[in-house]
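I opened this notebook page to look up side-chain contacts. The entries follow the order in which I went through them.

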Amino acid sequence: MSDVIAAVSTAPQPAAIGILRLSGDGAIAAADRVFAAASGRALADTPARKMVLGALRDTHGRVLDQVLASVARGPRSYTGEDTVEFHCHGSPAVLAAGLEALFAAGARQAGPGEFTRRAFLSGRLDLSQAEAVIDLIEAETADAAANAAGQLGGAVSRRIEPVYDDLAGLCAHFHAILDYPDEDIGDLDAARCAAALDGALTRLAALRATFDRGRVLKSGLNAVLLGKPNVGKSSLLNALAGYERVIVTDVAGTTRDAVTEVLRLGGQKLRLTDTAGLRAASDRIEAMGVEKALAAADGADLALCVFDGSRPLDAEDLAVMNAAARAKRALGVLNKADLPAAVRPAELPFEAVVSVSAREGAGLEQLSEAVALLYPQEALTCDGGLLTNARQAAAVDRAGEALSAAQAALTAGVTPDAVLLDVEAALEALGEITGKTMRREITDQIFSRFCVGK
């Protein structure tokens, strides 16, 4: 038996529609205490998934709103429990008063992600599907949404389950031999173990190989602007963003902190970070800014290295080129193309060099084309087959490491029980993806990301 939870499931701003949601044993009875159907029929007697017009009342019995109510009975509901939704006009005052009435009727406030947590605990969703719910809510592009929808439909689980089942079969066979020594159970031979381990590693490697594309699909390219002071990095960020995102002055070293803007360039979503100018710092604050700039370059997918094309290259520019090596890929950007050129593109050691004028907005299309050439848009099916979740990717990595250790142990000729210790470690890691080997701290962390009402 579960208590009744209630929450507003839509955004807190005024809108055309606002939704109140209840779930739990007694949810329908609690809803009937605050709702009067125009037909006079109780929600308890209403067919599932039928919208019913009626009045929502507050704690004083006053009519708050004319709403539509629907009932979904467990286990055939999102949470696996009896649920009710009231579709109201989207006034925050109406929703707050309606929620207060539901509390008075016996419900309690739902916690973050508690509806989806109940769906997981009731077996309606596995853990990878539950994580896909928040990814779908947070999706910033149609492709990311389509991939999350595929994962919500079980795409990740369908790739994990066959591997899990094969490995579990190995373990079960071995334990059957130990538990029933008098039975005619065939030995667990090394060839069968080796084939199973090879197959599992191959399938996990194929899944893990999708993570880089999936991460970019979900979060965008992690990009950084590098350059010495006063070359126009902040002006370029403003030009690409289309508004004054950061302060620009003629004073060198104006930018002291890292500033990030999400934008599209070359068909890609970029999380582009403007950084402090790279030079020998004149004070402690500037030194901290330079450290942040170098940290932002470490492991960045793309560095846009900006140079003042109207002045010859110097030692500080060389330091920028060296810092660019911290990123996975880099483009050279010769800014101030509206002034007489003092630098030739061939002087810069990058895959491509683009001349722009951030002040006048010239050359931005060419910069976009250069990014598109570095990161060509692939014909992605976005059916959920791309691994986008860092937690899940880490679990796949741990499973792969355990299986590699099992392979090494098998090759070394150790006893089967030692090999299967590593196989069981791989099962533990894979089970964390779907929730079969659930750990409370993991689920708490996952569902804490959800908004209240989902």
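**Salt bridges**

I began with Glu 85, which forms a salt bridge with Arg 21, the closest N and O atoms being 3.1 Å apart. I count a salt bridge when a side-chain nitrogen of Lys or Arg is within 4 Å of a carboxyl oxygen of Asp or Glu. Glu 85 is in strand 6 and Arg 21 in strand 2 (residues 15-23), so the pair links distant parts of the chain, 64 residues apart. Helices (H or I, at least four residues) and strands (E, at least two) are DSSP runs, numbered from the N terminus. I found both Glu 85 and Arg 21 buried, where buried is under 20% relative accessible area, exposed over 50% and partly exposed in between (1.4 Å probe, protein chains only).

I note that this is a predicted model, in which local features need pLDDT of at least 70, side-chain atom pairs count only at pLDDT 80 or more, and totals for chains, interfaces and linings use all residues. Residues are numbered from 1 along each chain as its sequence is written, and side-chain values use heavy atoms, with hydrogens and water left out.

I then looked up Glu 140 and Lys 269, whose side chains meet in a salt bridge at 3.0 Å, N to O. Glu 140 lies in the loop between helix 4 (127-138) and helix 5 (142-152) and Lys 269 in strand 10 (residues 268-274), so the pair ties together parts 129 residues apart in sequence. Glu 140 is partly exposed at 46% relative accessible area, while Lys 269 is buried at 8%.

Asp 444 and Arg 440 also form a salt bridge, 3.0 Å from N to O. The two are 4 residues apart in helix 15, about one helical turn. I have Asp 444 as partly exposed at 32% and Arg 440 as exposed at 59%.

I logged 29 salt bridges in the structure. A network of them links Asp 3, Glu 81, Arg 108, Glu 114 and Arg 118.

**Rings**

I asked which charged residues sit over Tyr 78. Arg 21 lies over its face, 5.7 Å from the ring centre, and the charged end of Lys 454 is 4.7 Å from that centre. The criterion is NZ of Lys or CZ of Arg within 6 Å of the ring centre and within 35 degrees of the ring normal.

I listed 4 aromatic pairs. Phe 35 and Phe 86 form a tilted one, 5.5 Å centre to centre with 40° between the planes. Rings of Phe, Tyr and Trp (its six-membered ring) pair if their centres lie within 6.5 Å; planes under 30 degrees apart are stacked, over 60 edge-to-face, the rest tilted. Both Phe 35 and Phe 86 are buried.
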